[in-house]
Amino acid sequence: MTALNRIPIAERDVQEEKLPLLQVRGLRTCFESHYGSVTAVNELDLTVYPGEVLALVGESGCGKSVTAMSLMRLVEAPGRIESGQISFDGRDLLTLSTQEMTELRGAEIAMIFQQPKGSLNPVKRIGSQIAEQFERRRGMPHAKAWKLAVGLLERVGIPGAAEKAKAYPHQLSGGQAQRVMTAIALALEPRLLIADEPTTALDVTVQAQILRLLTERCRSHQTALILVTHDLGVVAQVADRVAVMYAGRIVEEAPVETLFANPSHPYTRGLLNAIPRGNHYSESRLEEIPGTVPVLGRNPEGCGFADRCQASYAGRLNQCSTQTPPTTRIAQGHTTRCWIYHSGDAQ
Amino acid sequence: MNTAPLLNAEGIKAHFPVKAGPLSPLKGVVRAVDGVDLSLYRGETLGLVGESGCGKSTLGRALLGLIPITGGRVQLEGTSVLDQPPAKLKAMRREMQLIFQDPFAALDPRQTVGNAVRVALDINNIGKRSERQQIVEDIFAEVGLRPEHTHRFPHEFSGGQRQRVVIARALVLRPRFVVCDEPVSALDVSVQAQILNLLKRLQQDHQLTYLFVSHNLGVIEYMADRVAVMYYGKIVEIAERTELFRQPRHPYTRALMAAVPAPDPTARADELPMLGEPPDPMFLPDGCRFRNRCPMAIERCALEEPALIAVSSTHQSACWRNNTLI
């Protein structure tokens, strides 16, 4: 089995006919601040199928983590989900009671966080933190739950799992701690896994191992994975589909090959050109995107990327700064949110 | 490139004793930098790459004389950096500056950024008092900031702009040697490119010599003329940039390169290298320190530590299997 095998494109088309596991429509999450309400996630549509890896890409502050927290209904005051639908396996998560949502978290949808050490309980043995899942949710006796925990630690690649289960988080390396987090997330065999920058704090050699662990799980158990990341290298290596976020909105969505070969949104294009890689040499300059990532909520009307965009030159595009472009479908499974692609005859 | 190096370091060691508490017995010694020889030539960029904790930042600071070293010597144009009287050292420090990783931590939140830069002029008594504001505004213009920015506080800037301030502060004394310690790792990709291009332009304008420390191989490949790969205190491979990326020789360099996810979905890695966990820096293996993670290790690797051996005129690698691994 190859390490990071994807679903072949042909099979992916078949998959479109599968029922989506998660379907998000018009999600809007706002935060109250001194300056008024700030919209962190806006008009967000997202569909995830069983067994696929969807990468949610964007720079800091674009709303990708808030999206992930919204899906888990973990947004806390002063933030709140204003509107939208999060349909998971036919049920709208936004209409569930707190009790029902608590039961769903961990069992059906689980999350892996960026800082594994900060997310583990520092005064509890890691074995107990995993076993706890079985004890609380499945009413299992401690001894049996502990055995399952050791088994899980083995499966996520912790050497000497039986001994290591007795360790405390501070005795682990960053990579091991992330494996433990993954073991906790996988314990109850959730159908959807949300990983928020799971490898950002890790070295590349360890990152490769964690990514492999996650993607193998998707393939073997048909677990769907939403991978939140800012690293386009990681995206290229593990994602099936990619959604690019900018200033709270998804600006482009496409199968991973399409996105890299044929990016349509000026932001996506800029981002891909700004990655330093082998074929640049000292003589040529790296392409820059002028300006900086916008502060959310500054410009509710218009395209969030308008003032940095090098394509918004033409007079006919003066609506860029006044009207938010709609999502336009430009090919099978490929949508973009840019006025350039929106003409009268397009959809 | 001149033939005489601007900066020459020989046998640099920075060992740190580890104790559980102030009165506890010694638990061990972390050999963060463990015998490094380096030469930097005028106007070049030497990239220094390695995993976190491998000692690359410590080495950068050791070259600047910012941390006490436990062995070796550093010379800037033939003058020793480390054993100078304070006044001489202060003058030499003007020639050698550091650009920090985290622009959020590197600036005092209660001081205007103009002031943060001008302090360097005050301390070194450069220019008349009345001229200093102008010098600061000039360097601000050079790094792409406006004169009115000098009156603002760090929180009024984005990460990229703050890094421009940090660069202005390092360059206002017109140094010749600059250690750039992960200068873009805290920045977003779209802003990272701006800072890398700025650093390149400034280097050309002022004939700067950079030691460019980064864990990001893509950034290193874009910036460096030569690249040194560090593994737990030692340089394990050093070569001219193109040569290193085309023909890495050391198994560690190869694993590192293979582990970097290429931003190209058509080039997906079939097999990722399985290196295992990084070692505890207090308990490195005898012999070659990479051997317990190395897929190519042989018996000799446990017995003797390999030294850097030339594999071409511009390429050295420290591996017992240099000749068999091509």
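This is a predicted model: local features need pLDDT of at least 70, side-chain atom pairs count only at pLDDT 80 or more; totals for chains, interfaces and linings use all residues.
Two strands count as paired here if DSSP finds at least two bridges between them.

**Around strand β7 of chain A**

- On its other pairing, β7(A) meets strand β6 (residues 109–112) of chain A, again in the parallel sense, over 4 bridges.
- For landmarks in the two pairings, look for A:M111 opposite A:I194 in β7(A), and for A:D196 opposite A:V228 in β8(A).
- β7(A), α9(A) and β8(A) together form a β-α-β unit, and the unit is right-handed.
- How many of the 5 residues of β7(A) are buried? The count is 5 of the 5, so the strand is largely enclosed by the rest of the structure.
- In a regular strand, side chains alternate between the two faces of the sheet.
- In β7(A), A:L192, A:I194 and A:D196 sit on one side, with A:L193 and A:A195 on the other. Both faces are covered, and all of these residues are buried.

**Two domains in chain A**

- Domain 1 of chain A comes in two pieces, 1–108 and 190–288, while domain 2 takes 119–186.
- Taken over C-alpha atoms, the centres of domain 1 and domain 2 of chain A are 26 Å apart.
- Where they touch, 13 residues of domain 1 of chain A are in contact with 10 residues of domain 2 of chain A.
- Helix α9 (residues 204–221) of chain A gives the most to the domain 1 side of that contact, with 6 residues. This is also the helix of the β-α-β unit with β7(A) and β8(A).
- By residue type, the side of domain 1 of chain A that touches domain 2 splits into 10 nonpolar, 2 polar and 1 charged.

- Most residues other than glycine have a negative phi, and most peptide bonds are trans.
- A cis peptide bond links A:A77 and A:P78, with omega at about 10°. A:P78 belongs to the loop between α2 (64–71) and β4 (79–88) of chain A.
- A:E189 is not a glycine, yet its phi is positive, at about 50°. You'll find A:E189 in the loop between α8 (174–186) and β7 of chain A.
- A:A247 also has a positive phi, near 50°, in a residue other than glycine. A:A247 is in the loop between β9 (241–246) and β10 (249–255) of chain A.
- Is A:E189 buried or exposed? A:E189 is exposed, because it has 11 other C-beta atoms within 10 Å and the cut-off for exposed is 12 or fewer.
- A:A247 is buried, because it has 26 other C-beta atoms within 10 Å and buried takes 20 or more.

**Chain B at a glance**

- Chain B has 10 helices and 12 strands.
- What radius of gyration does chain B have? The value is 21 Å, which agrees with the figure near 20 Å that a compact globule of 326 residues would have.
- Along the principal axes, the C-alpha atoms of chain B fill a box of roughly 70 × 55 × 45 Å.
- As for burial, 48% of the 326 residues of chain B count as buried.
- Among chain B contacts between residues at least 6 apart in sequence, 65% join residues at least 24 apart.

How values were computed:
Residues are numbered from 1 along each chain as its sequence is written. Chains are lettered from A and ligands numbered from 1 in the order in which they are written. The radius of gyration is taken over C-alpha atoms; the globule rule is 2.2 Å times the number of residues to the power 0.38. Two residues are in contact if their C-beta atoms, placed from the backbone, lie within 7 Å. Domain bounds come from an automatic or database domain assignment. Ala, Val, Leu, Ile, Met, Phe, Trp, Tyr, Cys and Pro count as nonpolar, Asp, Glu, Lys and Arg as charged, and the others, Gly among them, as polar. A crossover is right-handed if, with the strands pointing away from the viewer, the path from the first strand over the helix to the second runs clockwise.
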